[in-house]
Amino acid sequence: MSQARGAAKSIRPECSEEPTPTPVDDWVFAADHPDGYMAVAAVRDDTGALVDFRWLYANPAAETMMGMSLAFVLGRGIVELLPDTRSRGIHSRFSLVVETGQPYVDEVYFPLANRERWFRLVALKRGDGLSIWFNDITRRKREERESTFLAEASHLLTASLDVESALRELARRCVPSFADACVLQVMDSRGQPLLCETVTTEPVQEALLLEVLRRSSQASGGESSGGAPGEPGLVGLMLPQDVPQLLTELTPPLLNALARDAEHLRLMQALGPHSVLAVPLRARGRPLGALVLFTFSPRTLGVEDLRFAEDLADRVALSVDNVLLFREARQAVAQRDEFFTVAAHELRTPTTSLKLNVQSLLRGARRTEAGQAPASLLSKLENIDRNAGRLNALVNELLDVTHLHAGRLRLDLEPVDLSALVQDVAAHFELPATQAHSPILLELSGPAVGAWDRIRLEQVVTNLLSNALKYGAGKPVRLRVSSDGAGARLEVRDEGIGIAPESLPRLFGRFERAVSDRHYGGLGLGLYITRQIVEALGGTVNVTSTLGAGATFTVQLPLEATH
């Protein structure tokens with residue numbers, strides 16, 4: 001740096017017509033400062049208009065940041081060596097400082113050596129010239145921009161299940177912020193193309209890129225990504241597919257070596273990429289596609305760009321994998337529901353026929369004169385009848401669940417007296433209640449008439465009452481009905497085993513059970529169906545329970561259905 005300072009001193013006598021903008025002592029102070037420092041003098045034309053600034057001094061930090069030595073810049077103009085200062089408005093701001101004396105402080109974007117650069121700049125008037133201090137804030141600005149972009153990308157990818165639209169928008173946002181062209185290739189879980197989005201700064205380049213991808217896809221049997229390492233895949237280049245790739249400068253010899261064939265080489269030469277990076281999209285150990293970024297001269301991609309692309313690819317892969325898993329799960333649920341529907345319909349016919357035939361046999365046996373029909377035969381027929389009825393109820397539950405899930409629950413509203421309906425259901429449960437040693441006690445305050453679906457409401461009462469008898473532990477079951485003019489209330493209370501607190505929140509879920517299915521039968525659908533019916537009628541159903549002391553189910557219904 002002593003040579004640089006000596007050079008600066010040696011030119012000042014040769015340029016004595018120029019005012020000295022800064023004392024030499026200031027230059028000595030700036031010589032070892034970590035920030036860049038430049039002293040420049042105004043250059044004016046014959047009319048006195050300020051047309052440029054001539055370098056008088058630059059410290060070592062400025063030399064390093066600009067990539068230009070003091071010996072090279074000394075005596076030359078800023079606009080001459082850095083024409084972007086005029087196009088980016090920096091020169092006009094410098095001129096304003098000289099004319100007004102007001103300091104200029106700003107963060108400016110200024111590419112140098114084919115790379116993006118950000119500087120924090122302070123320009124101060126010194127005579128008919130400037131003292132300019134600046135430091136490189138590229139890393140901070142880049143980190144801020146990347147963090148913002150990645151946060152926005154994460155939101156974009158998770159805000160909707162329409163992952164294809166989100167990926168297209170994401171590819172568009174990459175250009176020109178981080179590259180001059182972007183290719184985003186995504187496959188589904190079966191390895192079939194899900195999306196191939198191309199974005200470039202120029203339509204001509206996009207057409208060329210699409211043609212490259214089309215020919216590459218044909219050459220690889222219809223797949224535009226994947227394949228063994230070294231096989232044509234990413235935009236046809238002979239590059240490994242399973243590891244990130246960075247080509248900071250795609251020279252003609254390198255492009256020739258990576259091209260698949262002569263036509264591919266011709267298209268890539270016409271496209272004219274300067275830098276290329278490609279990162280694979282991977283989730284759970286399997287490939288999902290690739291993200292490819294291009295720049296065209298003079299813009300160059302570097303290690304920082306590769307790191308950013310890997311972060312972005314991780315987010316894309318995670319989002320795509322989650323959406324694919326969701327779609328697979330939804331498809332599996334649809335297939336399961338379709339199976340339930342078909343199976344329930346297939347089972348309903350023989351079970352209905354079985355029950356009708358058994359009931360016919362029972363009626364015949366009961367009409368037979370005493371002594372002619374063995375008691376054991378009647379017992380067996382009654383057992384068959386009960387199990388046939390149970391099987392028929394299970395089949396109906398499966399059908400109800402599939403209808404509810406598909407949104408096909410139909411309600412036929414009519415005036416229904418809940419008190420009378422509860423009495424009818426309780427009468428049908430006299431035998432099961434006797435066998436369970438759980439007497440049914442009714443507390444009816446009078447008629448409770450509302451616009452409801454009689455069959456579905458009967459199903460609600462049946463489910464709650466059978467549930468109470470099943471878990472009632474041989475103790476009384478109470479059904480209470482009341483009405484206050486605006487709504488009706490049904491309470492079904494047993495004094496049985498009760499429900500554990502941790503089981504209460506999931507009690508009304510599909511296939512949920514609060515007890516072991518080894519001791520209590522059923523599919524775990526009755527309460528789920530009950531809640532769906534009650535809510536379809538505009539009401540609510542809740543449960544309170546103490547373990548070992550029974551449970552109370554409460555149904556609240558509006559007198560006029562809201563659905």
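Residues are numbered from 1 along each chain as its sequence is written, and side-chain values use heavy atoms, with hydrogens and water left out. Because the model is predicted, local features need pLDDT of at least 70 and side-chain atom pairs count only at pLDDT 80 or more, while totals for chains, interfaces and linings use all residues.

Start with the cores, meaning sets of buried Ala, Val, Leu, Ile, Met, Phe, Trp, Tyr and Cys residues joined through side-chain atoms within 4.5 Å. Buried here is under 20% relative accessible area, exposed is over 50%, and partly exposed is in between (1.4 Å probe, protein chains only). The largest nonpolar core holds 40 residues, and Phe-53, Trp-55, Phe-94, Ile-132 and Phe-134 have the most contacts inside it. Apart from that one lies another core of 39 residues, including Leu-490, Val-492, Leu-525 and Tyr-528.

Tyr-528 also turns up among the buried residues of helix α18. This helix spans residues 526–536, and eight of its eleven residues are buried (helices are DSSP runs of H or I, at least four residues, and strands are runs of E, at least two, numbered from the N terminus). Just after α18, Gly-538 takes a positive phi of about 85°.

As for disulfides (pairs of cysteine sulfur atoms within 2.5 Å), the count is zero. Cys-174 is buried, at 2% relative accessibility, but its sulfur sits 4.6 Å from the closest cysteine sulfur, in Cys-182, so that pair is too far apart for a bond. Cys-196 is in no disulfide either, with the nearest cysteine sulfur, that of Cys-182, 10.0 Å away; Cys-196 is partly exposed, at 38% relative accessible area.
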